[in-house]
Amino acid sequence: MTTSTHSRRHFLRAASGLAAAAGLRGGAPLATGLAGMAAMAAQSSQAADLSGPYRALVCLFMHGGNDSHNWVVPTDTTGYADYARARQELAWPAHKLLPISVSGQAAGRSFGMPEELAPLRRWYEAGQAAIVANVGPLVRPITKPEYAAGMGLPAKLFSHNDQASTWQSLSPEGARSGWGGRLGDILMSANAYPVFTAVSATGNAVFLSGSQVTQYQVGVEGPVAPSGVSSTSVFGSATAPAALRRMLANVGTSPLQAEYVRILQRGMSANTILQTALPGVSVPPIPATTIPFGTGGSYKLDEDDLTKQLRMVAQMVAAGQTLGMRRQVFMVSIGGFDSHANQMRDQPALMARVANAIDYFLTSMGSLGMLNNVALFTASDFGRALLSNGDGSDHGWGSHHFVAGGMVAGRNIHGRFPSTALGGTDDIGSGRLLPSQSVTQMAAPLGRWMGLSSSDLATVLPGIANFDANALRFL
């Protein structure tokens with residue numbers, strides 16, 4: 001690729017990134033847009049650094065808005081008192097919290113994690129998992145008075161669909177690309193099979209959509225074949241399968257038919273390649289372990305859908321070594337986090353499922369000698385309010401998240417941990433926390449670890465110039 005061609009493509013990607021930024025409330029101000037265009041003109045055409053070892057980024061999305069205030073709990077006298085006063089019956093009992101090591105917070109502060117998170121805590125204490133405190137979507141850093149005045153806010157705060165989309169794409173619902181997909185646009189040139197650059201084990205997700213890369217979807221058992229081709233009937237028609245096979249053999253004259261055939265053939269070809277590669281890899285089976293949790297319930301690990309998704313990711317990471325893959329982005333997910341009611345009944349099981357699934361995945365990567373080649377991070381629609389509604393917690397904003405992998409600067413909480421006092425410095429009302437770190441700032445070190453240059457980061461993360469992109473150093 002010539003320098004002029006690369007520069008032109010980089011400009012177009014960056015321009016589309018600025019367009020994505022316009023999805024924020026009120027659109028991007030003209031001055032911001034002009035500044036962004038000037039910055040693009042000044043940027044170097046340096047490509048991403050795709051040399052070095054294989055690397056995979058894994059997004060674990062918790063649908064519904066995870067109440068992370070009970071995942072990382074202040075245990076110092078003042079901090080726990082503020083937390084318990086705000087949370088009331090939602091407060092995790094102090095005797096059920098396991099202490100964690102922290103060096104990056106104010107003197108005198110201490111923290112703990114619930115017993116259900118013990119498998120994840122082990123990786124944290126081993127230095128291979130970290131916590132990122134009080135993260136949320138932001139257009140730019142704002143203050144409580146600015147929030148009260150409605151200044152500089154992300155579009156459609158507290159909306160499930162819009163905030164889940166903003167976490168994944170940095171724009172509300174309707175976004176055409178996600179930052180994982182834009183990452184894939186830049187990384188796909190390093191891969192022998194670009195079709196496997198962005199892979200979802202959980203169905204369609206905007207996080208993995210790009211302008212060039214197309215997300216490849218797998219099931220927990222492997223490639224998903226188009227059933228109509230080999231079926232005896234389609235929607236009750238005995239003649240439809242034969243018609244579909246004829247269509248695949250002859251693209252015809254209709255543009256719509258030609259595009260449909262092209263996409264279907266591409267998927268079938270990719271399925272064949274993956275079906276050939278997967279049997280050649282050996283990934284530890286999911287143990288048939290019964291996992292108890294605090295309310296007296298239990299589940300079997302080998303029947304857990306999230307763990308099965310992560311096993312498929314592990315298989316694809318292993319297979320990628322024989323397929324000539326250098327950079328891959330994956331997504332898995334789990335639902336059930338919309339905890340307006342029955343929170344203390346349901347939360348222990350959700351904690352256990354996430355912690356044990358991550359434990360299985362990291363253990364598998366370690367057994368393959370690839371723990372240093374993967375970085376897994378958690379995400380969710382939004383945090384929740386500290387204040388109890390009587391049986392659960394309502395929609396919030398800032399929340400705490402985990403990053404795990406062999407190269408993570410673990411055993412620490414990155415970013416300032418907020419005050420959990422109602423009416424405190426971080427409370428914008430009802431215990432909703434104003435984020436101290438943006439999703440963009442959390443994504444920046446992940447992008448750099450995958451090999452992005454500064455100019456490519458600006459494409460993948462429009463609006464990054466509004467933040468300190470080096471504030472978080474967990475990788």
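Student: What share of the residues of the chain counts as buried?
Tutor: A residue is called buried under 20% relative accessible area, exposed over 50%, and partly exposed in between, with a 1.4 Å probe and protein chains only. Of the 475 residues in this chain, 54% are buried by that rule. Please keep in mind that this is a predicted model, in which local features need pLDDT of at least 70 and side-chain atom pairs count only at pLDDT 80 or more, while totals for chains, interfaces and linings use all residues. Residues are numbered from 1 along each chain as its sequence is written, and side-chain values use heavy atoms, with hydrogens and water left out.

Student: How many helices and strands are there in the chain?
Tutor: Helices (H or I, at least four residues) and strands (E, at least two) are DSSP runs, numbered from the N terminus. The chain has 14 helices and 17 strands. One of the helices, α6 (residues 160–169), is mostly covered, since eight of its ten residues are buried, including W167 and Q168.

Student: Which residues have the most contacts inside the largest nonpolar core?
Tutor: A nonpolar core is a set of buried Ala, Val, Leu, Ile, Met, Phe, Trp, Tyr and Cys residues joined through side-chain atoms within 4.5 Å. The largest one here has 73 residues, and those with the most contacts inside it are L60, W71, V317, F330, V354, F361 and I413. Helix α12 (residues 343–367) gives the most to this core, namely twelve residues. Apart from it lies another core, of 43 residues, with L187 and M450 among them.

Student: How do α11 and α12 lie relative to each other?
Tutor: Axes are lines fitted to C-alpha atoms, for helices over the stretch in contact, and angles run from 0 to 180 degrees between N-to-C directions. Angles under 35 degrees count as roughly parallel, over 145 as roughly antiparallel, 65 to 115 as roughly perpendicular, and the rest as oblique. The axes of α11 (residues 305–323) and α12 come within 9 Å and cross at roughly 20°, and therefore the two helices are roughly parallel to each other. Contact means heavy atoms within 4.5 Å, and the residues making it include L310 and V317 of α11 and V354 and F361 of α12.

Student: What about α4 and α12, and how are they placed?
Tutor: The axes of α4 and α12 come within 7 Å and cross at roughly 45°, so these helices are oblique to each other. Among the residues in this contact are L120 and W123 of α4, together with A355 and L362 of α12.

Student: Where does E116 lie, and is it buried or exposed?
Tutor: E116 is in the loop between β4 (111–114) and α4 (118–125), and because its relative accessible area is 10%, E116 is buried. Leaving aside neighbours within four places in sequence, E116 is in contact with W92, F293, G294, P348, M351, A352 and A355. E116 and V354 are 238 residues apart in sequence, yet 9.4 Å apart in space, C-alpha to C-alpha.

Student: And T440, which residues does it touch?
Tutor: T440, in helix α13 (residues 439–449), counts as buried because its relative accessibility is 4%. Not counting residues up to four places away in sequence, T440 touches L170, L461, I464 and F467.
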